[in-house]
Every structure is written in structure tokens, then in C-alpha cells.
Amino acid sequence: MSWRMWALKKSVWVFHVNLGACNNCDIEIVNLLTPRYDVERFGIKLVGSPRHADALLVTGVGTRQAIIRFRQVYSQTPKPCVVFLMGACACGTGIFHAGYHVEGPIDKILREMDPNAIIAYVPGCPPKPEAMISGVVKTLSAI
Amino acid sequence: MNQQELKDRLAEIKDKLIDIQQPLDDRIFLSCEAENAYAINKFLFEEVPLRFVITTGIDSDSCYEILYHYAYDQIGYIITLKAFIRDRENPSIESIAPFLPGAEWIEREIHDLLGIEFRNHPNMRRLILADDWPEGVYPLRKETRQ
Amino acid sequence: MIEVFQNLFWILIFPGFVFTLVVGLLASWIVRKVSALVQWRVGPPLCQPFYDVLKLLGKEILIPQDAQRAVFVSAPLVGMAGVLLLSTMLWRITITQSAFVGDIIVAIYLMVLPSLALILGSSASASPHAAIGTSREMKLVLGYELPLVLAFIVVVIKSGGQLSLAAIAQQTPVLSISGFLAFFISLLCIQAKLGFVPFDIAESETEVASGIIIEYSGALLAVWKIMQALMLVALPLFLVMVFLGGFGTAGRPLVWGIGKYVLVLVVLILIKNTNPRVRIDQAMKFFWVYCGLLLAIAVILATFGNYYGISWL
């Protein structure tokens, strides 16, 4: 495996993107990054700009307004990068599938933008921080 | 004011109302037609006076209803004014934002979602629908389907 | 000819780029590990900063469309070169005792280069967040440069007007009142130069989304991180040489010197972990009014001490 992916697995810098979520998943993500769960052991760090990020933590169902901005955020994230879809809404629109404001499941739009995108699904409503850590670790060992 | 004085104050505009109901101890419902809503709101906000909480828009099958919720905190009462808009083709009501700036945004939201026109609104612009949402499509109306 | 290769070896391998980079990344691991222990958690493994730099070198570089490409790309390299030169010079003075008159002034000038490079790089970024970061960094540099130079002037006065680092490093100014004041204030100025809390106003993640380096990605961001790691070696070493009595080369003085360096580093980390971030106007008032007053007192005490020969003033 190339040294790029090996280094990526050892040090993952995350950026949090909210595409129209109810904020439950966002609260759990912020919980995850506190000293109690200590994700710095895995090399995970929260960064303030998508240009510094290796992984996007995406929550929310993907509303029409948000998808426009998500395309820009994804294109500004330097490749190689991983997209983690956190929560039932991000994994496949959840209970809002018939909503008038829903643009579509995020992974479908992501595949149209970039067929080689690496996408990981962490279901739950909201997923517990332990579930998120498990999802991230499993994804990183499977790349 | 205690509750009896409050009810006496509310009875002063009885001629503009359809009826007054009190289904629970601390809940009063006043009903009126849409034409009288502006004057009643002005009375409730300025004369009584009550604290404005929020406005609700409902699409009942025969008419539209706009509910104005007020609170009287000294005794913990919530007073709601129901205004019936009978015209379903071009629903329209007088905006209360000129004397109650706090209602400006909620009226914009009701206009976005239900298509009710608020006359004399100081700043009617799109609030919560997406920028590229088509004009004239109001998502929360009963006849709108995906 | 041999000398050219020798100088290249000094600059690139030991004690230049490779050596300082390794020590710098180890120092940044110490920073993260001590911060973790203070927060009752485990913290990253030893090689984590190396993995970070390696990963950044492997990502693509995105340059904004409106950015000034020449300045944008060259600013981090200039900053890194400045700190590298400073570090090589300081190590060489320590190891071979080959100081020259006025080298402390050269060191002060070289210490400004990383801050200047940050300002240039972020102002070439064509982003409003970066513009806020630029103005804050400029004000911060205006704030702490004055007390920093004054603190070094205190040491020069105490040593009787000598401008050579080898002579200054022989004595221990921190054991006197004016020297202790100057050391303490220069520690806070170094905290601001390294971009540590409470003075990380320019790169404040929660306010301006890493304002000053927001547009950098990939290998250019790696150069900024390398520059920060090199600064973690050069600046505390400079403080050790000026205030704490130098860095030995063999035997007990060497162990003593490493202990002094780690002490300065740990004090910086503890200040970093126990303080909130300050606003830029609070920072400038702090540096100009309070630090300036304390240093004025220190300069007066040092002048008296030097004139009358009292060494503890």
C-alpha cells in the first residue's frame, strides 16, 4: 500500500460538516472530541478548515441549501480523504425521506461528484461516541 | 392583575371576537375573523399589555388559521388569538410587524411555507426556503405534494 | 572546497535541518503529551508528529484562484529558512564556541523572520479569514517585539556591554532580580511567537477557522508545521543561552543543558494549558503597558547593578 495511505491511517485530521441535521449527531461528535474519549491517541485532531482535513464528519440529511455548499467543501478537501456519514439521516435520509427540502441521499450525490470517494457509514440516531470511534477505527484498518 | 381582572380586560373587545374559550385553567382562546385581527392584536399587545410569544399558521381544510400566542407571566397564562382566513384562493391578512417588530420573521416564515400574504409587511423576503426553490410553491399547504 | 561540503553538512544534517527537525518533532510530542497528561488523558504516541508531517507531504496542494502564487508558495519556505539558520547558528556557537561580536543582534533579526513569513503568507491568501489573521498577527508582533528586545538589552547591560553570545552564555542572569524579570517576560514573548495559548490569537481555530494558515494544504502546510517544530528547538535554546547560563557540550554540562531546555519547554506547556486565549487589544495592552513597565524597572536595576558592581540586582 502506498506510503500516502499508510500515513493517512496514522494521522487523521477531521472537519465537521452539518448538512441540515437536528444537531443531535453534532452534539455527539463534539462529545467525541473532548478529553474523555481521547481520540488524540489515534492521531485524530479537529481542524478548523476543510483544507487541512483528511476526513469529513458529515451529519444531516442533505438539504437543498446545504448540498450546494457541500460540493464546494468536498472539492476543497485535499485528496486522499475519507467521508464519514454519521447518523441515520446522513446514511440515507432517515425519517425525512419524503421531506420537501431533502435533495437526496448524500452518498448518491457524492458518487456523482467523485466516483472514487471513500465513504464510511456510521448509523444510529444519534450514534454513540463509542460507535463512532469503532466506525473510524474499522474504516482506517480496512483502507 | 389576577385572573378575573385579566378576563375583564379581555372582555373589553368582545364585540370584535367570535367567542372566548378557556378549556384549561391557564389557557384562553379568542377567535376572530381575519379583518379584525390587527385591531385585536394591537389591543392585546399595547393596552392589556401582554407579551408576544410566536405566531402559528395552520392549513385547515376549509380555511387558513393564523394563531397569535401571548403570555401573561404574572399568573402564568397563555392567551391565543385565532384569526380565520376564509379566502383560500388568495389568503391575506394585515401584518402586525409595524407595531410589533418581533413578529417580522415569523410572518416571513409563514409566507414562505403557506403562501399567506401579509399586507404592509416592512421586509417581506424569503426566509427559510432554499435560494433556488421555485416561486409560488408552498410546501406546507395541504394540496402540495412532492 | 572541503569547506563548502562541511558547511552544507552543518546546515543540512547536523546540527541543521535533520537534527533540528527530529529534536523539534520530539519537542512537539512532549508538548502534546504533557498537555494530555494535564488533561487526565493518554495522548498521542511518540511518532505522531512525524506521521502528521509525512501525511501532509502526501496530500495535494490546493492554491486559491485569487491568491498571489509567488508569495503564497515562497512565504513558508522563507520562514522555515530563517528559523533553520537561527538554529544552526545557535548550535554552532554552542558546539564550537565560534561566536562573533553582534551575533545576538543577528539572532534577534532572524527571530522576526517566521512571524514576517506568516504575515506575508496569510495576506497572499485572498481570504477574509486570513485577512483577520494577518491583522491580528501584525498587531501581536508589534506588541511583543519591544519587550523581547528590551529583555535582551537587560542581559547585555548586566554583562557589561558585551554583544557576543559566547560571553553572555557564560553567566547566569536569571539569578538576579532584573535578570529574573527579563527572563519571565521573555518567556511570555516566546509564548506569543510560538503561537501558543494565551497568545494564539492569529491562528485561533474557533474564531477565524485557523485564520492565518487557512488556505494552506498539503506540502505547504507541512512546511509551516516543520517551521513550528524548528521554532520549538531554536527559541527555548536561545533563552537557555541568554538567561540560564548556556548549553554544555559534554558530560555534566550537557545533561544540565538538556534539563534547562526541558524546563523552559515544560513551563511554556503549563502556561499554555492553564490559560484562556486573550483578545488582541488585551494582548497589546499587556505587552506594552505591564511588560514595558516591568522591563523599565529591570533596566534601571541592571544599570545600577552594573555601575556599582552589585551582581544580584
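Student: Is the crossing of H2(C) and H11(C) left-handed or right-handed?

Tutor: The crossing of H2(C) and H11(C) is right-handed. A crossing is called right-handed if the near helix is turned clockwise from the far one by less than a right angle, and left-handed if it is turned anticlockwise. Please note that this is a predicted model, in which local features need pLDDT of at least 70, side-chain atom pairs count only at pLDDT 80 or more, and totals for chains, interfaces and linings use all residues. Residues are numbered from 1 along each chain as its sequence is written, while chains are lettered from A and ligands numbered from 1 in the order in which they are written.

Student: At roughly what angle do the axes of H2 and H11 of chain C cross?

Tutor: The axes of helix H2 (residues 17–38) and helix H11 (residues 252–273) of chain C cross at roughly 45° and come within 10 Å. Helices here are DSSP runs of H or I with at least four residues, strands are E runs of at least two, and both are numbered from the N terminus. Axes are lines fitted to C-alpha atoms, for helices over the stretch in contact, and angles run from 0 to 180 degrees between N-to-C directions.

Student: How many helices and strands does chain C have?

Tutor: Chain C has twelve helices and zero strands. Its radius of gyration is 20 Å, close to the 20 Å that the globule rule gives for 313 residues, so chain C is as compact as a globular protein of that length. The radius is taken over C-alpha atoms, and the rule is 2.2 Å times the number of residues to the power 0.38. The C-alpha trace of chain C spans about 65 × 50 × 40 Å along its principal axes.

Student: What share of chain C is buried?

Tutor: Buried residues make up 46% of the 313 residues in chain C. A residue is buried with 20 or more other C-beta atoms within 10 Å of its own, exposed with 12 or fewer and partly exposed in between, the C-beta atoms being placed from the backbone.

Student: Turning to the chains, which pair has the most contacts?

Tutor: Of the two pairs of chains that touch, A and C have the most contacts. In that pair, 19 residues of chain A are in contact with 25 residues of chain C. Helix H1 (residues 3–10) of chain A gives the largest share of the chain A side, five residues. That side has six nonpolar, six polar and seven charged residues.

Student: How many residues of chains A and B are in contact?

Tutor: Six residues of chain A are in contact with six residues of chain B. Chains B and C do not touch, and their nearest C-alpha atoms are 23 Å apart.

Student: Where are the cis peptide bonds in chain A?

Tutor: One joins A:Lys79 and A:Pro80, with omega about 0°, and another joins A:Cys125 and A:Pro126, with omega about -10°. A:Pro80 lies in the loop between helix H3 (64–76) and strand S4 (82–86) of chain A.

Student: Is A:Thr93 buried or exposed?

Tutor: A:Thr93 counts as buried, with 20 C-beta neighbours inside 10 Å. Its phi is near 65°, a positive value in a residue other than glycine.

Terms used:
Two residues are in contact if their C-beta atoms, placed from the backbone, lie within 7 Å. Ala, Val, Leu, Ile, Met, Phe, Trp, Tyr, Cys and Pro count as nonpolar, Asp, Glu, Lys and Arg as charged, and the others, Gly among them, as polar.
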